[in-house]
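Here is a brief report on one protein chain. Look over the sequence and the fold before reading on.

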Amino acid sequence: MNLLIRSVQSALHDRSDFFAGGNMFVYYSRTQAMNQDFRGPDFFVTLDVDSSRERKVWVTWEEE
């Protein structure tokens, strides 16, 4: 997982609009209020987001 994250960061070093994460929860349904509708992927990449924010979880409705 860490190798994948570092590889993406290296490959996209000239971009400032991506997030590469792993071993964290991804919440995608506000109606379930973080108790049922979530996933915990080992690794994921998201483009066109604010990369300066620190995240402990990925909450889709807070990402706009």
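Are Glu63 and Arg55 buried or exposed? Both Glu63 and Arg55 are buried. This holds for a predicted model.

## Overall fold

The protein chain has one helix and five strands. Their order along the sequence is α-β-β-β-β-β. The C-alpha trace spans about 35 × 25 × 15 Å along its principal axes.

Of the 64 residues, 28% are buried. Take the contacts between residues at least 6 apart in sequence: 51% of them join residues at least 24 apart.

## Surface and charge

The chain exposes about 4700 Å². Carbon and sulfur atoms supply 48% of that area.

There are 7 positive and 10 negative side chains. The centres of the two sets lie 4 Å apart.

## Salt bridges

Side chains of opposite charge can pair when their charged atoms come close. The model has four salt bridges.

Arg15, Asp17 and Asp48 form a network of salt bridges. Arg15 pairs with Asp17 at 2.8 Å, N to O. Arg15 is partly exposed, at 31% relative accessible area. Asp17 is also partly exposed, at 22%. Asp48 meets Arg15 at 3.7 Å, N to O. Asp48 sits in the loop between β4 (44-47) and β5 (58-59), and Arg15 in the loop between α1 (2-11) and β1 (18-21), so this pair ties together parts 33 residues apart in sequence. Asp48 counts as exposed, with 61% relative accessibility.

Note on methods: Residues are numbered from 1 along each chain as its sequence is written. This is a predicted model: local features need pLDDT of at least 70, side-chain atom pairs count only at pLDDT 80 or more; totals for chains, interfaces and linings use all residues. Side-chain values use heavy atoms; hydrogens and water are left out. Helices (H or I, at least four residues) and strands (E, at least two) are DSSP runs, numbered from the N terminus. Buried means under 20% relative accessible area, exposed over 50%, partly exposed in between (1.4 Å probe, protein chains only). Contact means heavy atoms within 4.5 Å. Accessible areas come from the Shrake-Rupley method with a 1.4 Å probe; for residues, only the protein chains shown count as cover. Lys and Arg count as positive and Asp and Glu as negative; His and the chain ends are not counted. The place of a charge is taken as NZ of Lys, CZ of Arg, CG of Asp or CD of Glu. A salt bridge is a side-chain nitrogen of Lys or Arg within 4 Å of a carboxyl oxygen of Asp or Glu.
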